[in-house]
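This briefing goes through the structure by topic, starting with how one chain is divided and ending with how two chains meet. Please keep the sequence and the model open while reading.

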Amino acid sequence: MAKRKAASPPIDAGAFLSQVTHHLRAPVAVSRTMLSLLSQGYVGKMDPQQADLVRRVEARMAYLQTLVDDLVDLASIRTGMADAGGPTALGVLVRDVCARFEPAARAKGLELGLASPTASVLVSAASGLLDPLVTQLVRNAVTYSTSGTVRVSIEQDSRFARLVVADEGIGIPADNRANVFEEFFRAANAKALEELGTGLGLPIVRAVACRAGATIELESAEGRGTTIAVLLPLTAAASRSTMRRRARE
Amino acid sequence: MAKILMIDDDRDLVASMKILLEAHGHEFHSMPNGEAGLRAVGEISPNLILLDVMMDRYTEGFRVSQLLRDPADDSKYAAYRAVPIVVLTSIHRTTTHRFGPNEDALPVDAFLEKPVPHDQLLATIDKLLAR
C-alpha cells in the first residue's frame with residue numbers, strides 16, 4: 001500500500017492569532033456584559049455580600065481581558081504581525097490615547113495634560129504598532145499615580161520625536177529598575193497599590209521600541225514619580241524638513 | 001420605543017442584550033447568522049440593527065452591512081438602506097487593522113468594542129434613533 005506523508009498545511013500565523021484572540025476575548029467580553037447586568041440591578045437587587053462577590057469577579061474578568069489584549073499585542077509585535085511601516089502623526093495618536101484615559105485619570109483626581117509642538121510630528125512607524133506603546137505608557141502613569149499630574153509631551157529635533165510621559169506616582173524602587181522590562185515582573189510597590197496588573201506593560205513598550213528603531217530612557221524615584229522618554233525616528237521627509245527649517249533659523 | 005434586530009451567534013450576549021434593551025422599552029429580535037438576519041430585516045423592518053462581525057464565517061457581519069447598504073438601484077435591501085447599523089465586535093485586537101465606521105470600507109454607523117458599557121450602548125442607540 002502506498003504511503004503518503006501528510007503535508008503540513010501552510011501556517012497563516014496572522015489568521016491563527018486572530019482566531020485565537022477572538023475565541024479568548026469573546027467569552028470574557030460576554031461574561032463581563034452579563035456581570036454588569038447583575039451589578040447594575042437589571043435582574044434584581046443583590047444583598048451586599050452578593051454584590052461584593054460580583055464586584056470581585058468583575059475585577060478579575062477585567063484583568064483577564066487586559067491580559068489577553070496584552071499577550072496578543074506582545075505576540076503580534078514580536079512576531080512581526082503588527083504593521084511596522086508608517087508614517088504616523090504622533091500628536092494625533094497621543095491625543096487619542098490620552099482621551100481614552102481621561103475618564104480614569106479624572107476619577108482618580110489626576111490631571112492628565114498633553115503638550116505637543118504645533119507642527120504635526122510625523123514618525124516613521126505605523127500607528128497600529130505605536131498605539132500599544134503609547135497606551136501602556138499612559139496607562140502605567142495613570143494606574144500608578146494616586147495624586148498629582150501626568151504630563152505627556154512631544155518634542156522634535158532633526159531626527160527624532162521625543163515622546164515623554166512623566167508622572168508623580170509611586171515610582172520604581174531602585175533595585176527593581178533593571179527588571180521592569182521583563183515579562184510578568186511587577187515591582188513590590190506596584191503590586192501593593194494595584195493587585196491586578198499584567199506585568200506586560202513595559203515589555204510591550206520595549207518590544208515596540210525594538211521594531212520601531214526607538215530608544216527608551218527611564219528615570220524614576222520611589223515615591224516621587226517616573227519619567228519615560230521614547231525617541232522615535234522621524235520620517236525621512238519630516239527629518240529633512242526640520243533640518244531645512246533649523247538651517248534657516 | 002424602537003424595534004431592534006440583533007444579528008449575532010453568541011446566545012449569551014443575545015440573552016444579555018434582550019434583558020438590557022427590553023428593560024429600556026425596546027422591542028428586541030435576534031437572528032444567529034447573516035442569512036437569517038437579512039431575511040428578518042424584511043420581515044421585521046427594524047429601526048436599528050446590532051451586528052456581530054465574526055459569525056459562521058470570518059467577516060460575515062461586514063458582508064451583511066455591505067448588502068444592506070448596497071447603493072445599486074435594484075438592491076433587494078434598498079428600503080432598509082437608512083436603518084442604522086451598530087457593529088458590536090471583539091475584532092479590534094484580532095487583526096492589525098483598526099476598523100471604524102467608513103462609508104466605503106465598512107458602511108455602518110457605529111463600531112463598538114465588546115464588552116460595550118451599557119450606558120455607552122444605550123447612548124449610541126438613542127443618538128442613532130434620534131437622527
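Domain bounds, as used here, come from an automatic or database domain assignment. On that basis chain A is split into domain 1 (13-78) and domain 2 (85-241). The model is a predicted one.

**Domains of chain A**
- The centres of domain 1 of chain A and domain 2 of chain A, taken over C-alpha atoms, are separated by 25 Å.
- Ten residues from domain 1 of chain A and ten residues from domain 2 of chain A make up the contact.
- On the side of domain 1 of chain A that touches domain 2 of chain A, six residues are nonpolar, one is polar and three are charged.

**Helix 1 of chain A**
- Helix 1 (residues 13-39) of chain A has 27 residues, and 39 Å lie between its first C-alpha and its last, close to the 39 Å expected at 1.5 Å a residue.
- Buried residues in helix 1 of chain A include A:Ser18, A:Thr21, A:Arg25, A:Ala29 and A:Arg32.
- The buried residues of helix 1 of chain A pack against helix 2 (48-78) of chain A, and also against helix 1 and helix 4 (118-129) of chain B.
- After helix 1 of chain A comes A:Gly41, which has a positive phi near 80°.

**Helix 3 of chain A**
- What span should helix 3 (residues 90-107) of chain A have at 1.5 Å a residue? Its 18 residues should span 26 Å, and this agrees with the model because the end C-alpha atoms are 26 Å apart.
- Helix 3 of chain A has a kink of about 40° at A:Phe101, shortly before the proline A:Pro103.
- A:Leu90, A:Gly91, A:Leu93, A:Val94 and A:Val97 are the buried residues of helix 3 of chain A.

- In soluble globular proteins, nonpolar side chains tend to be buried together.
- The largest nonpolar core has 49 residues, of which A:Leu90, A:Leu133, A:Ala161, A:Val208 and A:Leu232 touch the most other members.
- Among the elements that give two or more residues to this core are helix 2, helix 3, strand 5 (160-167), helix 6 (201-212) and strand 7 (225-233) of chain A.
- Helix 4 of chain A supplies the largest share of this core, eight residues.
- Beyond its neighbours within four places in sequence, A:Ala161 is in contact with A:Leu90, A:Val121, A:Val123, A:Ile154, A:Gln156, A:Leu232 and A:Leu234.
- Another core, of 36 residues, lies apart from the largest one, and B:Leu20, B:Met55, B:Val108 and B:Ala110 are among its members.

- Chain B contains four helices and five strands, which run along the sequence in the pattern β-α-β-α-β-α-β-β-α.
- Of the 131 residues of chain B, 40% count as buried.
- Among contacts in chain B with a separation of 6 or more, 63% join residues 24 or more positions apart.

Key
Residues numbered from 1 in each chain as written. Chains lettered and ligands numbered in written order. Predicted model: local features only at pLDDT ≥ 70, side-chain atom pairs only at ≥ 80, totals over all residues. Buried ≥ 20, exposed ≤ 12 C-beta atoms within 10 Å, placed from the backbone. Contact = placed C-beta atoms within 7 Å. Expected span 1.5 Å × (residues − 1). Bend = angle between axes of the 7 residues up to and from the residue. Nonpolar A, V, L, I, M, F, W, Y, C, P; charged D, E, K, R; others polar. Core = buried A, V, L, I, M, F, W, Y, C linked by C-beta atoms within 7 Å.
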